Amino acid sequence: MADLRAKLELAVRAARSAGDATLRHFRSPSLEVETKSDASPVTRADREAERILRKAIGASFPDDGILGEEEGETPGTSGHTWVLDPIDGTLSFVRGVAQYGTLVGLEENGRAVLGVAYMPALREMVFAARGHGAWWVHDVGGQGEVRRPARVSAVSSLADAFLCHTSVGGFVRTGRLDAFLRLRAAVARDRGWGDCYGHLLVATGRADIMIDPVLSHWDCAALFPILEQAGGAFRDLSGRATHRGGSGVSTNGALADAVLDLMGP
């Protein structure tokens, strides 16, 4: 537990440092955007932020492995692997939209046990570790940071629920558009607040459901423990409690089965 606490403290510092570095490029007219082989965008800010994270982790925990979206995997020997997404929501970032985040997750023998999600342009962070709870830190009106427990909502009916989701195109590409429309019709309201931001809204009780039909390993590793420690649930669309399922459904826990039943197998 002591080791996990030390790693959580390091992850919080490193995520803040890396996320703040992205602000130097955010909304810059000189920002250059490249296209990767999977057609997703990448910028100098993505690469700089990942290097900051890797340097901080390597200096403090040199025996741990690291898997990052931009620089691949560096094996370790400790049984711990850090999973990094330096800018989750690069499409938002390059368009000057503040809903992007820096994600730092930690696996212990394959299980996601620690997560930090920092939204630098919004000045808020949610972090958690197994046995240490989940916490929400945010700046209220520029008056300084407030720290409070991160807790999911108590909504128990889909008819009262607030749904967040990514672009509708993801549901089209995965053949889940009809299922998504069923879910959308069943809830009280919905908004297209995508990427990690929607999941953090669930973890802090500001939304009740967030659904992503397509996610990568580094998108999920930080989110799984955050939702778990906040009292909610993170599942893939098959209903498995995993961060490796290629999709993600964050709920307050009470709504998990109803959401997954509507989304189908």
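Mentor: In this predicted model, the largest nonpolar core has 29 residues. Leu200, Ile226 and Phe234 have the most contacts inside it. β7 (111-119), β8 (124-129), β9 (133-139) and β11 (162-165) each supply at least two residues, and so do the helices α6 (195-203) and α8 (223-229). The largest share comes from α6, with six residues.

Now take Ile226. As a general point, nonpolar side chains in soluble globular proteins tend to be buried together.

Next, the sheet. It is open and has eight strands, in the order β4-β3-β5-β6-β7-β8-β9-β10. The pairing is mixed. β4 (72-74) and β10 (145-149) are the edge strands, each pairing on one side only. Direction ignored, neighbouring strands are turned by 15° against each other on average.

β3 (residues 65-68) pairs with β4 in the antiparallel sense, over three bridges. Gly68 has Gly72 of β4 as its bridge partner. Helix α2 (residues 44-60) packs on this sheet. Its contacts are with β3, β4, β5 (80-88) and β6 (101-108). The direction of α2 makes about 155° with that of β5.

Back to α6, the helix with the largest share of the core. α6 lies across β5, β6, β7 and β8. Against β7, α6 runs at about 105°.

α5 (residues 177-186) packs with α9 (residues 256-263) at an angle of about 140°. Their axes are 8 Å apart. The angle therefore makes α5 oblique to α9. On the α5 side, the contact is made by Ala179, Phe180, Arg182, Leu183 and Ala186. On the α9 side, Val259, Leu262 and Met263 take part. Seven of the contact residues are nonpolar, none is polar and one is charged.

Definitions and conventions: Residues numbered from 1 in each chain as written. Predicted model: local features only at pLDDT ≥ 70, side-chain atom pairs only at ≥ 80, totals over all residues. Heavy atoms only, no water. Core = buried A, V, L, I, M, F, W, Y, C linked by side-chain atoms within 4.5 Å. Buried < 20%, exposed > 50% of the residue type's maximum accessible area, 1.4 Å probe, protein only. Helix = DSSP H or I, 4+ residues; strand = E, 2+ residues; numbered from the N terminus. Pairing = 2+ DSSP bridges. Axes fitted to C-alpha atoms, helices over the stretch in contact; angles between N-to-C directions. Contact = heavy atoms within 4.5 Å. Parallel < 35°, antiparallel > 145°, perpendicular 65-115°, else oblique. Nonpolar A, V, L, I, M, F, W, Y, C, P; charged D, E, K, R; others polar.
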